[in-house]
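Have a look at it first.

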Amino acid sequence: MTNETVCLQTAQMLPGIVDGDLPAAVVKHLESCLRCQAEASRYRKIQRELEKLRFQVAEPPVDLVAPVLAALDQAVARRSRIRIAAVGIGVGSALVALGTVAGIALKLRHRVTSAIAPA
Ligand SMILES: [Zn+2]
């Protein structure tokens, strides 16, 4: 196995350095390979920077609350209008269907009445 191949295999395992979970063969290779030591150093730096981010708290801007509350109110109002429109469409459709059925029933009744009592 060439040194290049060992370095490529080691590079694939280096993310494990963050968890402190490196196989013994990788640790041994790191002791003697400057290239892999540099790569491992970059991983350790990334780990340190990520650990710093853990304790950073992002403060929201002071003027953020009012726009968020206004947007929530608009969303609630829009949702209410949609519900009212849906109920209106449902009731309207029911009335049209009822009117159609009543119209058909009246026509049928008229035909039956005409057939029974011929002029
Ligand atoms: Zn190496």
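A residue counts as buried if 20 or more other C-beta atoms lie within 10 Å of its own, as exposed if 12 or fewer do, and as partly exposed in between, with the C-beta atoms placed from the backbone. Before using that, a bit of housekeeping. Residues are numbered from 1 along each chain as its sequence is written. What you see is a predicted model, where local features need pLDDT of at least 70, side-chain atom pairs count only at pLDDT 80 or more, and totals for chains, interfaces and linings use all residues.

The chain has a mean pLDDT of 88, and 97% of its residues reach 70 or more. Helix H3 has the highest confidence, with a mean of 91, while helix H1 (residues 3-13) has the lowest, at 88.

Now the layout. The chain has four helices and zero strands, where helices (H or I, at least four residues) and strands (E, at least two) are DSSP runs, numbered from the N terminus. Its radius of gyration is 38 Å, well over the 14 Å that the globule rule gives for 119 residues, so the chain is more spread out than a compact globule. (That radius is taken over C-alpha atoms, and the rule is 2.2 Å times the number of residues to the power 0.38.) Along the principal axes, the C-alpha atoms fill a box of roughly 115 × 50 × 20 Å.

Two of the helices can be set side by side. The expected span of a helix is 1.5 Å times one less than its number of residues.

| Helix | Residues | Length | End-to-end C-alpha span | Expected span |
|---|---|---|---|---|
| H3 | 34-54 | 21 residues | 30 Å | 30 Å |

How many residues of H3 are buried? The number is one of 21, so H3 lies largely in the open. H4 is hardly covered either, with a buried count of zero.

Leu8 sits in helix H1. This leucine is exposed, because 11 other C-beta atoms lie within 10 Å. Leu8 and Cys36 are 28 residues apart in sequence, and their C-alpha atoms are 9.0 Å apart in space.

Finally, the domains, whose bounds come from an automatic or database domain assignment. That assignment gives domain 1 (3-54) and domain 2 (90-119), and their C-alpha centres lie 84 Å apart.

Notes
pLDDT = per-residue confidence, 0-100.
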